[in-house]
Amino acid sequence: MLVAAALALAFPFMVNAYWLSVGVLAMFYAIVAASWALLAGYAGQFSFGHMAFVSLGAYTSGLLVMTFGVPIPFGMVAGVLMCAIVGSGIGFVCLRMRGPYLALFTVAFSEVLRIVIVSENEVTGGSGGLEVTPLFHGRTDAPYYYLGLILLVASLAIMLFLVTSRWGLFFRAIRENEDAAAAAGVKVVRFRILAFAITSSFAGLAGGFYGHYIGILTPDIGSVDQMGLVVAMAVIGGAESIVAAMIGALGLEFLVEALRSYGQWRLVLFGALLLLTMRFARNGLLALAWQQFNAILPLPLRDVVGGKGQLGTGTASSPQPPTARGGGVS
Amino acid sequence: MTNYLLIQALNGLVIGIIYAVIAAGLTVIFSILKIVNFAHGEVYMMGGYFAYFAIALAGIPPLPAVLVAMTLSFALSILVERALLTPLYSPTTERKGDYGILVTFGISIFLRALALIIYGPYPLRPPSFWPGVAVVGDLVMAWDRVFAGGAGIAMLIGLVWFMNRSPWGEALNAVSQSRESAAIVGINDQRFYMLAFGLGGALAGGAGALVGPIYSLSPSMGLLPDTQAFAIVILGGMGSVAGSILAGLMIGVSESMFVALFPDPSRSLTYAQAFSLLILMLVLLIRPTGLFGRTHVAME
């Protein structure tokens with residue numbers, strides 16, 4: 001953990017400007033993928049509209065800043081609030097929907113939002129994009145990197161606190177069996193909406209950060225392909241663990257850039273990797289790697305190094321006590 | 001104006017038939033495998049390209065090319081089903097619904113990215129089935145559209161006949177009602193999962209081949225019909241083939257009426273894309289079982 005922290009802090013001094021900007025984007029994707037894992041992996045609500053909330057947060061902040069001259073931090077907070085409100089709304093109307101119905105509804109929602117942004121080009125700039133004031137005006141991206149790192153660590157801490165608290169138990173209880181959870185006294189309605197609103201707010205936060213870093217917003221950020229990339233990140237890392245999804249996002253974002261010369265083949269590769277992961281290692285490659293690593297350790301050391309709970313290798317049928325998950329993280 | 005509306009309605013009818021073919025395929029897959037296939041639009045896209053290359057490379061005339069596209073889409077679907085969907089039938093797989101959603105979503109990403117490489121991002125237009133336009137009185141319509149509508153109707157009739165009258169269709173119905181009971185009377189369910197997924201893919205591929213000359217082919221052409229097909233399937237009721245056909249026609253016609261009557265012409269086309277999505281959202285909210293939903297195929 002200490003090594004990782006030192007590496008994360010020293011990163012801007014070790015790389016050139018190009019890889020630093022990749023690092024900033026990796027922070028953005030890590031927040032998005034981790035919050036999607038909280039929603040899909042923990043709460044069991046498969047939303048394909050997560051990038052739509054990123055786009056909603058980014059455009060809310062961008063439009064407030066550009067049209068009304070609101071200071072950027074307030075714009076970002078407004079984006080988060082907007083996502084929380086719309087997220088609770090969507091969570092509320094989706095209450096009766098399960099599994100595929102929810103997935104369909106959120107795909108439709110994100111496409112409608114994208115179409116509205118493209119069509120209302122007088123306000124949003126349409127597909128040409130909306131220019132947004134950047135947050136910092138320095139010569140390097142280092143301030144963005146550290147801000148992204150702070151946001152990521154803070155989001156991760158809040159999410160891990162959530163899933164290790166009673167709420168996390170409620171989320172998982174609802175995921176496994178809604179009726180049983182209700183019978184056991186879990187307020188299903190309240191916690192389903194909460195899960196949606198909370199994770200959407202994180203998406204909105206990431207969106208605001210992204211917008212004020214990139215400087216130009218296009219409707220593409222909310223597209224199905226972007227959603228596919230985030231799903232691939234979370235699933236390849238391990239969608240049932242927030243930390244694993246985050247690591248998956250960091251790894252994949254760097255892989256995206258490292259393989260830049262392969263152009264379009266990267267998406268094919270990630271699609272294939274996503275399918276193989278789903279087919280053969282549903283808990284994600286990190287859990288699989290940990291198992292392999294664990295198997296070659298001498299017997300007394302197994303399961304002691306502290307990764308098992310951390311990566312959430314627990315499957316659906318054997319939920320671990322909430323304290324075991326994320327125990328080795330903070 | 002009335003002529004314009006009439007032509008729009010006829011165009012909408014043709015599009016509605018195509019939607020119905022796509023949606024019927026989705027319904028067949030849904031009622032047997034109990035999954036929502038998020039990769040359906042990509043098979044539709046592949047079908048369009050299969051037809052294009054059958055015409056351009058192999059020199060097959062347009063009409064048999066549609067059949068070639070359907071056959072190849074059938075084969076592609078079976079390949080996908082065998083490689084990736086078998087865990088759906090295994091009793092040890094946990095939360096099959098989630099698996100189905102994620103894996104078909106992954107397939108759609110994969111196929112779309114692959115198509116972008118193989119076929120390139122530029123739209124392709126296959127040759128006409130039947131050049132020229134049909135003129136009836138004041139009404140003018142491209143023969144291609146007439147042909148696509150006719151072929152679509154033929155596919156739908158064939159499907160309804162197959163599902164209701166043929167022994168295989170009855171077996172499919174049996175598997176849809178209860179896997180265990182079907183197995184007891186000697187139906188090999190694995191074969192019928194393959195058949196159902198392949199059949200759904202063949203319908204999507206056939207629809208893609210039919211719209212090729214009307215619209216152009218592009219790797220992302222499947223995105224919109226995919227969500228539209230979902231809207232239709234939900235409106236018609238999950239698992240009801242007849243419901244899908246009727247809802248397809250309704251959505252096709254009302255969508256082109258929407259384009260014709262939308263007050264701001266510069267935005268009508270983009271908002272028309274949102275139209276069926278709004279219907280989808282409304283139906284999901286108000287009546288999730290749709291108009292003709294059968295209870296025994298409700299989602300777990």
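**Chatting about chains A and B**

Reader: Hi! In chain A, which residues of H11(A) meet which residues of H12(A)?

Author: Hi! This is a predicted model. In it, Ala232(A), Met233(A), Ala234(A), Ile236(A) and Gly237(A) of H11(A) meet Ala244(A), Ala245(A), Ile247(A), Gly248(A), Ala249(A) and Leu252(A) of H12(A).

Reader: How many of the residues in that contact are nonpolar, polar or charged?

Author: The contact of H11(A) with H12(A) has 9 nonpolar residues, 2 polar ones and no charged ones.

Reader: And at what angle do the two helices pack?

Author: The angle is about 120°, and the axes of H11(A) and H12(A) are 7 Å apart. Angles of 65 to 115 degrees count as roughly perpendicular and those over 145 as roughly antiparallel, so H11(A) and H12(A) are oblique to each other.

Reader: Nice. Is their crossing left-handed or right-handed?

Author: H11(A) and H12(A) cross in a right-handed way.

Reader: Switching to chain B: how many of its residues are in contact with chain A?

Author: On chain B there are 35 such residues, and they are in contact with 36 residues of chain A.

Reader: Which helix gives the largest share of that side of chain B?

Author: That would be H4(B), with 15 residues. By class, this side of chain B has 26 nonpolar, 5 polar and 4 charged residues.

Reader: How many helices and strands does chain B have overall?

Author: Chain B has 11 helices and 2 strands.

Reader: What is its radius of gyration, and what would a compact globule have?

Author: Chain B has 19 Å, which agrees with the value near 19 Å for a compact globule with 300 residues. Buried residues make up 50% of chain B.

How values were computed: Residues are numbered from 1 along each chain as its sequence is written. Chains are lettered from A and ligands numbered from 1 in the order in which they are written. This is a predicted model: local features need pLDDT of at least 70, side-chain atom pairs count only at pLDDT 80 or more; totals for chains, interfaces and linings use all residues. Axes are lines fitted to C-alpha atoms, for helices over the stretch in contact, and angles run from 0 to 180 degrees between N-to-C directions. Helices (H or I, at least four residues) and strands (E, at least two) are DSSP runs, numbered from the N terminus. Angles under 35 degrees count as roughly parallel, over 145 as roughly antiparallel, 65 to 115 as roughly perpendicular and the rest as oblique. A crossing is left-handed if the near helix is turned anticlockwise from the far one by less than a right angle, and right-handed if clockwise. Two residues are in contact if their C-beta atoms, placed from the backbone, lie within 7 Å. Ala, Val, Leu, Ile, Met, Phe, Trp, Tyr, Cys and Pro count as nonpolar, Asp, Glu, Lys and Arg as charged, and the others, Gly among them, as polar. The radius of gyration is taken over C-alpha atoms; the globule rule is 2.2 Å times the number of residues to the power 0.38. A residue is buried if 20 or more other C-beta atoms lie within 10 Å of its own, exposed if 12 or fewer, and partly exposed in between; C-beta atoms are placed from the backbone.
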